[in-house]
Amino acid sequence: MEKKLSKKQYIYIGSMLFGLFFGAGNLIFPVNMGQLAGSNVFLANLGFLVTGIGLPFLGIIAIGLSKSEGVLHLASKVGKKYAYVFTFLIYLVIGPFFALPRLATTSFEIGIAPFISDTHVSLILALFSTLFFSITWLLSRKPTKILDYVGKFLNPVFLILLGVLLFLSFTHPLGSILTAPVQPAYQNAVFLKGFTEGYNTLDALASLAFGIIIVTTIRSMGVTKPSQIAKDMIKSGVISIVLMGVIYTLLTYLGAMSLGKFAISENGGIALAQIANYYLGTAGSILLALIVILACLKTSIGLVTAFSETFAELFPARSYRFFLMLSSILPCLFANVGLTKIIELSLPVLMFIYPLAITLILLAIMSPLFKHRTLVYQTTTVFTVIAAFFDGLAASPASISTIPVIESLLNFVGEYLPFFNIGMGWVFPALIGFLIGSVYSRFKERNSTN
(Lines give C-alpha, C1' and ligand atoms only; values in the text may rest on other atoms or scores of the structure.)
Protein backbone atom coordinates (compact mmCIF):
# COMPACT_ATOMS: atom_id res chain seq x y z
CA MET A 1 0.00 0.00 0.00
CA GLU A 2 1.32 3.44 -0.97
CA LYS A 3 2.40 5.54 1.99
CA LYS A 4 0.61 8.84 2.65
CA LEU A 5 1.89 11.76 4.66
CA SER A 6 0.39 12.66 8.03
CA LYS A 7 -1.01 16.12 8.83
CA LYS A 8 2.09 16.82 10.90
CA GLN A 9 4.33 16.01 7.94
CA TYR A 10 2.27 18.28 5.67
CA ILE A 11 2.80 21.12 8.16
CA TYR A 12 6.53 20.47 8.30
CA ILE A 13 6.86 20.44 4.50
CA GLY A 14 4.63 23.53 4.24
CA SER A 15 6.85 25.24 6.83
CA MET A 16 9.95 24.20 4.87
CA LEU A 17 8.45 25.55 1.63
CA PHE A 18 7.56 28.86 3.25
CA GLY A 19 11.04 29.03 4.72
CA LEU A 20 12.66 28.40 1.35
CA PHE A 21 10.49 31.01 -0.40
CA PHE A 22 10.51 33.76 2.20
CA GLY A 23 13.88 35.45 2.00
CA ALA A 24 15.35 38.84 1.16
CA GLY A 25 12.95 40.25 -1.41
CA ASN A 26 9.95 38.93 0.47
CA LEU A 27 10.78 41.22 3.37
CA ILE A 28 11.97 44.37 1.63
CA PHE A 29 9.80 44.69 -1.49
CA PRO A 30 6.32 44.63 0.12
CA VAL A 31 7.34 47.32 2.61
CA ASN A 32 8.78 49.55 -0.12
CA MET A 33 5.71 49.00 -2.30
CA GLY A 34 3.45 49.96 0.61
CA GLN A 35 5.34 53.23 1.04
CA LEU A 36 5.05 54.05 -2.66
CA ALA A 37 1.41 52.99 -3.02
CA GLY A 38 0.21 54.87 0.08
CA SER A 39 -3.59 54.92 0.25
CA ASN A 40 -3.74 52.79 -2.94
CA VAL A 41 -2.13 49.95 -1.02
CA PHE A 42 -5.11 47.56 -1.37
CA LEU A 43 -4.96 47.25 -5.17
CA ALA A 44 -1.16 47.30 -5.20
CA ASN A 45 -1.05 44.46 -2.67
CA LEU A 46 -3.66 42.50 -4.62
CA GLY A 47 -1.54 42.67 -7.77
CA PHE A 48 1.55 41.78 -5.79
CA LEU A 49 -0.13 38.70 -4.34
CA VAL A 50 -0.96 37.37 -7.82
CA THR A 51 2.71 37.16 -8.75
CA GLY A 52 4.04 36.92 -5.18
CA ILE A 53 1.98 33.89 -4.09
CA GLY A 54 -0.30 32.96 -7.01
CA LEU A 55 2.48 32.21 -9.51
CA PRO A 56 4.66 30.27 -7.04
CA PHE A 57 1.66 28.12 -6.15
CA LEU A 58 0.94 27.52 -9.83
CA GLY A 59 4.61 26.61 -10.21
CA ILE A 60 4.28 23.97 -7.51
CA ILE A 61 1.10 22.68 -9.17
CA ALA A 62 2.84 22.59 -12.56
CA ILE A 63 5.73 20.51 -11.21
CA GLY A 64 3.25 18.23 -9.42
CA LEU A 65 0.73 17.71 -12.22
CA SER A 66 3.41 17.16 -14.86
CA LYS A 67 5.12 14.67 -12.50
CA SER A 68 8.40 16.41 -13.28
CA GLU A 69 11.56 16.06 -11.22
CA GLY A 70 12.17 19.78 -11.55
CA VAL A 71 12.50 22.68 -13.96
CA LEU A 72 14.80 20.82 -16.39
CA HIS A 73 12.22 18.09 -16.99
CA LEU A 74 9.37 20.60 -17.19
CA ALA A 75 11.16 22.86 -19.71
CA SER A 76 12.08 19.85 -21.87
CA LYS A 77 8.47 19.94 -23.10
CA VAL A 78 9.56 22.91 -25.21
CA GLY A 79 12.75 21.20 -26.38
CA LYS A 80 15.86 19.62 -24.92
CA LYS A 81 18.24 22.46 -25.87
CA TYR A 82 15.80 25.09 -24.63
CA ALA A 83 15.42 23.17 -21.35
CA TYR A 84 19.16 23.33 -20.71
CA VAL A 85 19.44 27.04 -21.58
CA PHE A 86 16.31 28.02 -19.60
CA THR A 87 17.33 25.94 -16.56
CA PHE A 88 20.84 27.37 -16.71
CA LEU A 89 19.50 30.95 -16.79
CA ILE A 90 16.99 30.42 -13.99
CA TYR A 91 19.55 28.94 -11.64
CA LEU A 92 22.07 31.66 -12.38
CA VAL A 93 19.41 34.30 -11.60
CA ILE A 94 18.19 32.73 -8.37
CA GLY A 95 21.66 31.43 -7.60
CA PRO A 96 25.15 32.95 -7.63
CA PHE A 97 24.52 36.10 -9.68
CA PHE A 98 21.43 37.74 -8.16
CA ALA A 99 19.27 36.09 -5.51
CA LEU A 100 22.04 34.55 -3.37
CA PRO A 101 24.21 37.70 -3.20
CA ARG A 102 21.05 39.70 -2.44
CA LEU A 103 20.36 37.47 0.56
CA ALA A 104 23.73 38.26 2.08
CA THR A 105 23.62 42.00 1.33
CA THR A 106 20.08 42.32 2.69
CA SER A 107 21.11 40.55 5.89
CA PHE A 108 24.10 42.86 6.20
CA GLU A 109 22.48 46.20 5.35
CA ILE A 110 19.49 45.65 7.64
CA GLY A 111 21.00 43.50 10.37
CA ILE A 112 24.64 44.55 10.71
CA ALA A 113 25.27 47.93 9.01
CA PRO A 114 23.32 49.99 11.62
CA PHE A 115 25.79 48.88 14.29
CA ILE A 116 29.03 49.80 12.51
CA SER A 117 30.64 53.01 11.23
CA ASP A 118 30.68 53.84 7.52
CA THR A 119 34.47 53.55 7.36
CA HIS A 120 34.33 49.82 8.14
CA VAL A 121 31.39 48.85 5.93
CA SER A 122 33.38 47.26 3.09
CA LEU A 123 35.55 45.16 5.39
CA ILE A 124 32.69 43.98 7.62
CA LEU A 125 30.53 43.16 4.57
CA ALA A 126 33.33 40.96 3.21
CA LEU A 127 33.70 39.17 6.55
CA PHE A 128 29.93 38.83 7.04
CA SER A 129 29.30 37.43 3.55
CA THR A 130 32.11 34.90 4.08
CA LEU A 131 30.52 33.76 7.35
CA PHE A 132 26.99 33.77 5.86
CA PHE A 133 27.90 31.51 2.95
CA SER A 134 30.11 29.30 5.11
CA ILE A 135 27.07 28.52 7.29
CA THR A 136 24.96 28.06 4.13
CA TRP A 137 27.54 25.59 2.79
CA LEU A 138 27.67 23.72 6.11
CA LEU A 139 23.88 23.29 6.35
CA SER A 140 23.48 22.35 2.67
CA ARG A 141 25.84 19.38 2.58
CA LYS A 142 22.99 16.92 3.10
CA PRO A 143 19.86 17.80 1.04
CA THR A 144 17.68 15.38 3.03
CA LYS A 145 18.32 17.42 6.19
CA ILE A 146 16.69 20.60 4.84
CA LEU A 147 13.30 19.64 6.31
CA ASP A 148 14.87 19.56 9.79
CA TYR A 149 17.04 22.67 9.43
CA VAL A 150 14.45 24.90 7.73
CA GLY A 151 10.98 23.40 8.34
CA LYS A 152 11.37 22.38 11.97
CA PHE A 153 13.81 24.94 13.36
CA LEU A 154 14.81 28.08 11.41
CA ASN A 155 11.36 28.94 10.04
CA PRO A 156 9.39 28.64 13.32
CA VAL A 157 11.96 30.85 15.08
CA PHE A 158 11.77 33.38 12.22
CA LEU A 159 7.95 33.50 12.38
CA ILE A 160 7.97 34.12 16.15
CA LEU A 161 10.45 37.00 15.86
CA LEU A 162 8.64 38.59 12.90
CA GLY A 163 5.35 38.18 14.75
CA VAL A 164 6.65 40.38 17.59
CA LEU A 165 7.45 43.28 15.20
CA LEU A 166 4.15 42.96 13.30
CA PHE A 167 2.16 42.82 16.55
CA LEU A 168 3.70 46.08 17.76
CA SER A 169 3.20 47.74 14.38
CA PHE A 170 -0.51 46.98 14.14
CA THR A 171 -1.41 47.55 17.78
CA HIS A 172 0.40 50.91 17.75
CA PRO A 173 0.20 52.09 14.10
CA LEU A 174 2.58 54.77 12.85
CA GLY A 175 -0.07 56.49 10.74
CA SER A 176 -3.33 56.17 8.81
CA ILE A 177 -3.37 54.39 5.46
CA LEU A 178 -6.32 56.48 4.25
CA THR A 179 -4.26 59.68 4.30
CA ALA A 180 -0.95 58.20 3.09
CA PRO A 181 0.37 60.01 -0.03
CA VAL A 182 0.45 58.10 -3.33
CA GLN A 183 3.55 58.27 -5.52
CA PRO A 184 3.14 58.85 -9.31
CA ALA A 185 3.95 55.24 -10.24
CA TYR A 186 0.95 54.05 -8.21
CA GLN A 187 -1.62 56.63 -9.28
CA ASN A 188 -2.67 54.70 -12.41
CA ALA A 189 -2.87 50.98 -13.23
CA VAL A 190 -2.16 50.26 -9.56
CA PHE A 191 -3.01 46.55 -9.75
CA LEU A 192 -0.69 45.98 -12.73
CA LYS A 193 2.12 47.91 -11.04
CA GLY A 194 1.80 45.65 -8.00
CA PHE A 195 1.68 42.65 -10.35
CA THR A 196 5.07 43.48 -11.90
CA GLU A 197 6.55 44.34 -8.48
CA GLY A 198 5.86 40.72 -7.50
CA TYR A 199 8.52 39.69 -10.02
CA ASN A 200 11.18 41.02 -7.65
CA THR A 201 10.53 38.31 -5.06
CA LEU A 202 11.81 35.72 -7.59
CA ASP A 203 9.31 33.23 -6.15
CA ALA A 204 7.78 32.09 -9.45
CA LEU A 205 11.30 31.17 -10.55
CA ALA A 206 12.04 29.68 -7.14
CA SER A 207 8.90 27.49 -7.28
CA LEU A 208 10.33 25.81 -10.38
CA ALA A 209 13.78 25.60 -8.83
CA PHE A 210 12.60 24.21 -5.49
CA GLY A 211 10.60 21.46 -7.19
CA ILE A 212 13.58 19.13 -6.96
CA ILE A 213 13.88 19.72 -3.19
CA ILE A 214 10.19 19.09 -2.54
CA VAL A 215 10.21 15.86 -4.54
CA THR A 216 13.38 14.66 -2.76
CA THR A 217 11.93 15.49 0.67
CA ILE A 218 8.61 13.72 0.05
CA ARG A 219 10.42 10.66 -1.30
CA SER A 220 12.64 10.57 1.78
CA MET A 221 9.42 10.16 3.80
CA GLY A 222 8.60 6.96 1.91
CA VAL A 223 6.22 8.30 -0.77
CA THR A 224 7.26 7.01 -4.21
CA LYS A 225 4.14 7.03 -6.41
CA PRO A 226 4.29 10.08 -8.76
CA SER A 227 0.57 10.86 -8.44
CA GLN A 228 0.79 10.80 -4.63
CA ILE A 229 3.92 12.97 -4.66
CA ALA A 230 1.99 15.47 -6.81
CA LYS A 231 -0.92 15.56 -4.32
CA ASP A 232 1.44 15.97 -1.37
CA MET A 233 3.28 18.81 -3.10
CA ILE A 234 0.05 20.71 -3.73
CA LYS A 235 -1.33 20.18 -0.19
CA SER A 236 1.94 21.34 1.38
CA GLY A 237 2.03 24.24 -1.08
CA VAL A 238 -1.34 25.50 0.14
CA ILE A 239 0.01 25.82 3.70
CA SER A 240 3.07 27.80 2.64
CA ILE A 241 1.22 30.05 0.17
CA VAL A 242 -1.52 31.05 2.63
CA LEU A 243 1.10 31.95 5.22
CA MET A 244 3.06 33.96 2.66
CA GLY A 245 -0.05 35.85 1.57
CA VAL A 246 -0.90 36.90 5.12
CA ILE A 247 2.62 38.11 5.87
CA TYR A 248 3.01 39.91 2.51
CA THR A 249 -0.21 41.82 3.20
CA LEU A 250 0.84 42.79 6.71
CA LEU A 251 4.25 44.00 5.48
CA THR A 252 2.70 46.01 2.63
CA TYR A 253 0.25 47.74 4.96
CA LEU A 254 3.09 48.30 7.43
CA GLY A 255 4.95 50.18 4.70
CA ALA A 256 1.94 52.40 3.99
CA MET A 257 1.39 53.14 7.70
CA SER A 258 5.07 54.03 8.19
CA LEU A 259 4.54 57.20 6.11
CA GLY A 260 2.90 58.68 9.20
CA LYS A 261 6.38 58.96 10.77
CA PHE A 262 8.98 58.45 8.05
CA ALA A 263 9.80 59.60 4.52
CA ILE A 264 9.96 57.07 1.68
CA SER A 265 13.18 55.04 1.94
CA GLU A 266 15.59 54.04 -0.82
CA ASN A 267 14.61 50.42 -0.23
CA GLY A 268 12.39 48.41 2.11
CA GLY A 269 15.35 47.33 4.22
CA ILE A 270 15.98 50.88 5.38
CA ALA A 271 12.27 51.35 6.13
CA LEU A 272 12.15 48.18 8.25
CA ALA A 273 15.20 49.33 10.21
CA GLN A 274 13.53 52.68 10.96
CA ILE A 275 10.30 51.00 12.05
CA ALA A 276 12.00 48.46 14.33
CA ASN A 277 14.14 51.16 15.92
CA TYR A 278 11.08 53.37 16.49
CA TYR A 279 9.26 50.71 18.49
CA LEU A 280 12.08 49.07 20.42
CA GLY A 281 15.19 51.22 20.03
CA THR A 282 18.42 49.20 20.00
CA ALA A 283 16.48 46.06 20.94
CA GLY A 284 14.37 46.58 17.82
CA SER A 285 17.48 46.78 15.67
CA ILE A 286 18.74 43.53 17.18
CA LEU A 287 15.33 41.89 16.69
CA LEU A 288 15.23 42.96 13.05
CA ALA A 289 18.80 41.75 12.53
CA LEU A 290 17.79 38.27 13.73
CA ILE A 291 14.61 38.29 11.61
CA VAL A 292 16.43 39.24 8.43
CA ILE A 293 19.44 36.98 8.91
CA LEU A 294 17.20 33.98 9.63
CA ALA A 295 14.94 34.77 6.66
CA CYS A 296 17.86 35.05 4.29
CA LEU A 297 19.81 32.09 5.67
CA LYS A 298 16.99 29.57 5.24
CA THR A 299 16.34 30.70 1.67
CA SER A 300 20.06 30.63 0.96
CA ILE A 301 20.22 26.99 2.08
CA GLY A 302 17.36 26.10 -0.25
CA LEU A 303 18.77 27.94 -3.27
CA VAL A 304 22.28 26.54 -2.88
CA THR A 305 20.89 23.02 -2.50
CA ALA A 306 18.57 23.33 -5.52
CA PHE A 307 21.35 24.86 -7.62
CA SER A 308 23.83 22.14 -6.69
CA GLU A 309 21.41 19.25 -7.23
CA THR A 310 20.29 20.56 -10.61
CA PHE A 311 23.76 21.41 -11.91
CA ALA A 312 25.00 18.00 -10.82
CA GLU A 313 22.24 16.62 -13.08
CA LEU A 314 23.10 19.01 -15.92
CA PHE A 315 26.82 18.26 -15.69
CA PRO A 316 27.15 14.71 -14.28
CA ALA A 317 30.94 14.79 -14.61
CA ARG A 318 30.97 17.03 -11.52
CA SER A 319 29.58 16.11 -8.09
CA TYR A 320 26.96 17.77 -5.87
CA ARG A 321 29.78 18.79 -3.49
CA PHE A 322 31.63 20.59 -6.30
CA PHE A 323 28.61 22.72 -7.25
CA LEU A 324 27.84 23.28 -3.57
CA MET A 325 31.26 24.84 -3.15
CA LEU A 326 30.88 26.87 -6.37
CA SER A 327 27.44 28.20 -5.43
CA SER A 328 28.75 29.26 -2.02
CA ILE A 329 31.93 31.02 -3.19
CA LEU A 330 30.57 32.98 -6.19
CA PRO A 331 27.70 34.78 -4.38
CA CYS A 332 30.09 35.56 -1.55
CA LEU A 333 32.15 37.55 -4.05
CA PHE A 334 29.17 39.21 -5.78
CA ALA A 335 27.55 40.17 -2.45
CA ASN A 336 30.07 42.97 -2.05
CA VAL A 337 28.44 44.97 -4.89
CA GLY A 338 25.69 46.22 -2.52
CA LEU A 339 21.93 45.70 -2.22
CA THR A 340 20.66 48.65 -4.29
CA LYS A 341 23.09 47.88 -7.12
CA ILE A 342 22.13 44.19 -7.17
CA ILE A 343 18.43 45.09 -7.42
CA GLU A 344 19.16 47.54 -10.26
CA LEU A 345 21.22 44.99 -12.22
CA SER A 346 18.77 42.14 -11.68
CA LEU A 347 15.66 43.97 -12.90
CA PRO A 348 16.22 43.65 -16.70
CA VAL A 349 17.12 39.97 -16.33
CA LEU A 350 13.97 39.37 -14.30
CA MET A 351 11.79 41.18 -16.82
CA PHE A 352 13.17 38.86 -19.51
CA ILE A 353 13.08 35.51 -17.76
CA TYR A 354 9.91 35.90 -15.67
CA PRO A 355 7.52 35.83 -18.68
CA LEU A 356 9.20 32.60 -19.86
CA ALA A 357 8.65 31.05 -16.42
CA ILE A 358 5.03 32.23 -16.27
CA THR A 359 4.15 30.84 -19.71
CA LEU A 360 5.88 27.53 -18.95
CA ILE A 361 3.93 27.19 -15.70
CA LEU A 362 0.59 28.01 -17.37
CA LEU A 363 1.29 25.70 -20.31
CA ALA A 364 2.13 22.82 -17.99
CA ILE A 365 -1.14 23.28 -16.10
CA MET A 366 -3.25 23.66 -19.28
CA SER A 367 -1.36 20.92 -21.11
CA PRO A 368 -4.23 18.38 -21.05
CA LEU A 369 -6.44 20.90 -22.92
CA PHE A 370 -4.13 20.86 -25.96
CA LYS A 371 -3.15 17.19 -25.52
CA HIS A 372 0.41 18.03 -24.45
CA ARG A 373 1.36 19.01 -28.01
CA THR A 374 5.00 20.09 -28.21
CA LEU A 375 4.26 22.63 -30.96
CA VAL A 376 2.02 24.65 -28.61
CA TYR A 377 4.83 24.86 -26.06
CA GLN A 378 7.26 25.93 -28.78
CA THR A 379 5.22 28.64 -30.54
CA THR A 380 4.10 30.18 -27.25
CA THR A 381 7.69 30.26 -26.01
CA VAL A 382 9.15 31.73 -29.23
CA PHE A 383 6.67 34.61 -29.27
CA THR A 384 7.21 35.19 -25.53
CA VAL A 385 11.01 35.26 -25.88
CA ILE A 386 10.87 38.02 -28.51
CA ALA A 387 8.55 40.24 -26.48
CA ALA A 388 10.34 39.51 -23.17
CA PHE A 389 13.62 40.65 -24.72
CA PHE A 390 12.16 44.12 -25.23
CA ASP A 391 10.64 44.10 -21.71
CA GLY A 392 14.09 43.37 -20.33
CA LEU A 393 15.71 46.03 -22.50
CA ALA A 394 13.20 48.63 -21.31
CA ALA A 395 14.06 47.82 -17.69
CA SER A 396 17.80 48.23 -18.28
CA PRO A 397 19.78 50.99 -16.51
CA ALA A 398 19.55 54.43 -18.13
CA SER A 399 23.08 54.05 -19.51
CA ILE A 400 21.69 51.37 -21.83
CA SER A 401 18.02 52.25 -22.36
CA THR A 402 18.81 55.86 -23.33
CA ILE A 403 21.22 54.95 -26.13
CA PRO A 404 19.57 56.65 -29.17
CA VAL A 405 19.14 53.46 -31.25
CA ILE A 406 17.73 51.48 -28.31
CA GLU A 407 15.53 54.36 -27.17
CA SER A 408 14.03 54.69 -30.68
CA LEU A 409 13.45 50.95 -30.86
CA LEU A 410 11.72 50.91 -27.46
CA ASN A 411 9.53 53.88 -28.43
CA PHE A 412 8.49 52.05 -31.60
CA VAL A 413 7.68 48.83 -29.73
CA GLY A 414 5.83 50.77 -27.02
CA GLU A 415 3.59 52.39 -29.60
CA TYR A 416 2.40 49.14 -31.17
CA LEU A 417 2.73 46.45 -28.47
CA PRO A 418 -0.14 46.37 -25.91
CA PHE A 419 0.85 46.58 -22.21
CA PHE A 420 4.52 47.20 -23.07
CA ASN A 421 4.62 50.49 -21.18
CA ILE A 422 3.68 48.76 -17.93
CA GLY A 423 6.27 46.00 -18.31
CA MET A 424 3.92 43.32 -19.63
CA GLY A 425 4.51 43.47 -23.35
CA TRP A 426 4.87 39.69 -23.45
CA VAL A 427 1.20 38.97 -22.68
CA PHE A 428 -0.29 39.60 -26.13
CA PRO A 429 2.51 37.87 -28.13
CA ALA A 430 2.35 34.84 -25.81
CA LEU A 431 -1.40 34.56 -26.42
CA ILE A 432 -0.86 34.84 -30.18
CA GLY A 433 1.81 32.15 -30.05
CA PHE A 434 -0.47 29.89 -28.04
CA LEU A 435 -3.36 30.31 -30.50
CA ILE A 436 -1.14 29.72 -33.54
CA GLY A 437 0.36 26.58 -31.99
CA SER A 438 -3.03 25.24 -30.92
CA VAL A 439 -4.74 25.81 -34.28
CA TYR A 440 -1.83 24.65 -36.45
CA SER A 441 -1.14 21.50 -34.39
CA ARG A 442 -4.81 20.49 -34.53
CA PHE A 443 -4.94 21.17 -38.28
CA LYS A 444 -1.77 19.14 -38.82
CA GLU A 445 -3.05 16.29 -36.63
CA ARG A 446 -6.40 16.22 -38.45
CA ASN A 447 -4.71 16.05 -41.87
CA SER A 448 -2.42 13.21 -40.77
CA THR A 449 -5.43 11.10 -39.72
CA ASN A 450 -7.27 11.62 -43.02
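Predicted model: local features only at pLDDT ≥ 70, side-chain atom pairs only at ≥ 80, totals over all residues.
User: Let's begin with the fold. How many helices and strands are there in the chain?

Analyst: Helices (H or I, at least four residues) and strands (E, at least two) are DSSP runs, numbered from the N terminus. In this chain there are 20 helices and zero strands.

User: And how do I read the overall dimensions? What is the radius of gyration of the chain?

Analyst: The radius of gyration is taken over C-alpha atoms, and the globule rule is 2.2 Å times the number of residues to the power 0.38. For 450 residues, that rule puts a compact globule near 22 Å, and the chain agrees, with 22 Å. Along the principal axes, the C-alpha atoms fill a box of roughly 75 × 55 × 40 Å.

User: How many of the residues count as buried?

Analyst: Buried means under 20% relative accessible area, exposed means over 50%, and partly exposed lies in between (1.4 Å probe, protein chains only). Here 55% of the 450 residues count as buried. As for the surface, accessible areas come from the Shrake-Rupley method with a 1.4 Å probe, and for residues only the protein chains shown count as cover. The chain exposes about 18,700 Å², with carbon and sulfur atoms supplying 69% of it.

User: What share of the contacts comes from residues 24 or more positions apart?

Analyst: A contact means heavy atoms within 4.5 Å. Among contacts in the chain with a separation of 6 or more, 82% are between residues 24 or more positions apart.

User: Now for charges. How many salt bridges are there?

Analyst: A salt bridge is a side-chain nitrogen of Lys or Arg within 4 Å of a carboxyl oxygen of Asp or Glu. By this rule the count is two. One joins Asp 148 and Lys 152, at 3.3 Å from N to O. Both residues lie in helix H8 (residues 146–171), four residues apart, about one turn of the helix. Asp 148 is partly exposed at 30% relative accessible area, and Lys 152 is partly exposed at 41%.

User: Which residue pairs with Lys 193 in a salt bridge?

Analyst: That is Glu 197, with the closest N and O atoms 3.6 Å apart. This pair sits in helix H9 (residues 190–197), again four residues apart, about one turn of the helix. Lys 193 is partly exposed, with a relative accessible area of 27%, whereas Glu 197 is buried at 16%.

User: What about Asp 203: is it buried or exposed?

Analyst: For charge, Lys and Arg count as positive and Asp and Glu as negative, while His and the chain ends are not counted. Asp 203 is buried yet has no salt bridge, and the nearest side chain of opposite charge, Arg 102, is 7.1 Å away. Asp 203 belongs to helix H10 (residues 203–209).

User: Which side chain does Asp 203 meet in a polar contact?

Analyst: A polar contact is a pair of N or O atoms within 3.5 Å; within protein, one must be able to donate a hydrogen and the other to accept it, and residues adjacent in sequence count only if both atoms are side-chain atoms. The side chains of Asp 203 and Tyr 248 are joined by one of 2.9 Å. Beyond four places in sequence, Asp 203 also has contacts that include Phe 21, Asn 26 and Tyr 354.

User: Where does Ser 308 sit?

Analyst: Ser 308 is in helix H14 and is buried, with a relative accessible area of 0%. A polar atom of the Ser 308 side chain lies 3.5 Å from the backbone oxygen of Phe 323.

User: Finally, what is the phi of His 372?

Analyst: Most residues other than glycine have a negative phi. For His 372, phi is near 60 degrees, a positive value. His 372 is placed in the loop between helix H16 (339–366) and helix H17 (374–394). Phe 419 also has a positive phi, near 70 degrees, and is found in the loop between helix H19 (404–416) and helix H20 (427–449).

Technical notes:
Residues numbered from 1 in each chain as written. Heavy atoms only, no water.
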